[in-house]
Amino acid sequence: MKTFFRKLMLSVPFFLTCQSAFADDAELAKQLSNPLASLISVPMQFNYDTGFGTPDGERLTLNIQPVIPFSLTPELNLITRTIIPYKWQSDIAGSPGSKSGLGDTSISFWFSPAHTANGSTWGVGPILSLPTSSDPDFGLGEWGGGITGVYLVQPGPWTIGALGNHLWSFESDNLNSTYIQPFVAYGTPNHWTYTVNSEASYDWNTKQWTLPVNFMVSKLVSFGKQKVSLQGGVRYYFDSPANGPEGWGFRFAATFVFPKK
């Protein structure tokens with residue numbers, strides 16, 4: 001029996017190994033908690049929410065979020081983050097039945113110091129909203145923009161900070177919203193990360209909050225030479241508009257990481 005299990009373990013392909021093989025993986029996992037880290041990452045984030053005005057109202061959103069840094073000078077980086085949402089929904093209030101399609105795309109541009117000071121860093125710059133939505137249920141469908149910023153500190157295994165932006169429409173008065181994301185993350189030496197954050201937004205036209213709090217766990221693993229951070233968690237909506245999401249939601253994400261050579 002022991003011989004059988006030994007042969008079985010030796011037959012597992014290397015490219016399915018889910019153990020990080022490099023000594024600097026703990027630092028890499030910590031960088032993933034930093035939106036301004038100088039590494040390319042491509043998160044594929046699935047979100048499931050319910051309670052959109054009817055008991056059966058539900059929505060699944062896939063956010064594709066490539067983060068690409070650029071070195072502008074020895075002292076200044078430009079970090080870009082694009083969020084491309086694709087949505088599936090059914091029985092949403094005011095829109096019965098099922099449908100799917102693209103939402104509006106946003107692109108954040110953070111100008112950030114290339115070197116941190118005392119474990120703290122910051123970034124600030126413009127944000128653009130592109131009218132890529134395929135249906136009025138999935139986005140406003142207007143050009144928009146505003147300002148965005150990030151500040152964080154990383155003492156020891158902790159990452160503490162906040163990200164925010166404000167968006168206006170360039171075409172009408174329909175978009176005037178503020179987004180605030182405070183976050184706290186704790187990383188372990190074996191590449192687990194525990195995160196609590198909020199993704200609060202306030203609509204200045206309707207005077208309404210959408211206020212979820214997320215509780216997430218992630219693990220940095222290797223599939224061959226490819227680094228991937230796997231994340232899962234739940235959220236709870238403490239406040240939302242009348243036809244917005246309610247109660248509990250779920251998140252699963254896979255982030256493909258491409259560290260510097």
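Predicted model: local features only at pLDDT ≥ 70, side-chain atom pairs only at ≥ 80, totals over all residues.

Me: Which element gives the most to the lining of the largest cavity?

Reply: Strand β10 does, with three residues. The elements that give two or more residues to this lining are β10 (176-187) and β9 (158-169).

Me: What makes a residue count as part of that lining?

Reply: A lining residue has an atom within 4 Å of a cavity point. The residues lining the largest cavity are K30, S33, P157, W158, T159, A185, Y186, G187 and T193. They divide into four nonpolar, four polar and one charged. The cavity itself has a volume of about 30 Å³.

Me: Why is M44 called partly exposed?

Reply: The relative accessible area of M44 is 26%. Buried means under 20% and exposed over 50%, so a value in between is called partly exposed. M44 is therefore partly exposed. This residue is found in strand β1 (residues 40-50).

Me: Which residues is M44 in contact with, leaving aside its neighbours within four places in sequence?

Reply: M44 is in contact with L62, N63, I64, F252, A253, A254 and F256. Of these, F252 is 208 residues from M44 in sequence, while their C-alpha atoms are 8.5 Å apart.

Me: What makes a set of residues a nonpolar core?

Reply: The members are buried nonpolar residues joined through side-chain atoms within 4.5 Å. The largest such core has eight residues: L36, V67, I79, W110, V150, L152, L163 and F183. Apart from it lies another core, of six residues, including L28, A29, A37 and V257.

Note on methods
Residues numbered from 1 in each chain as written. Heavy atoms only, no water. Buried < 20%, exposed > 50% of the residue type's maximum accessible area, 1.4 Å probe, protein only. 1 Å grid on protein atoms, 1.4 Å probe; cavity = no way out; pocket = protein on both sides within 12 Å on 5 of 7 lines; lining within 4 Å. Points joined across faces, edges and corners; volume = space filled by probe spheres on them. Helix = DSSP H or I, 4+ residues; strand = E, 2+ residues; numbered from the N terminus. Nonpolar A, V, L, I, M, F, W, Y, C, P; charged D, E, K, R; others polar. Contact = heavy atoms within 4.5 Å.
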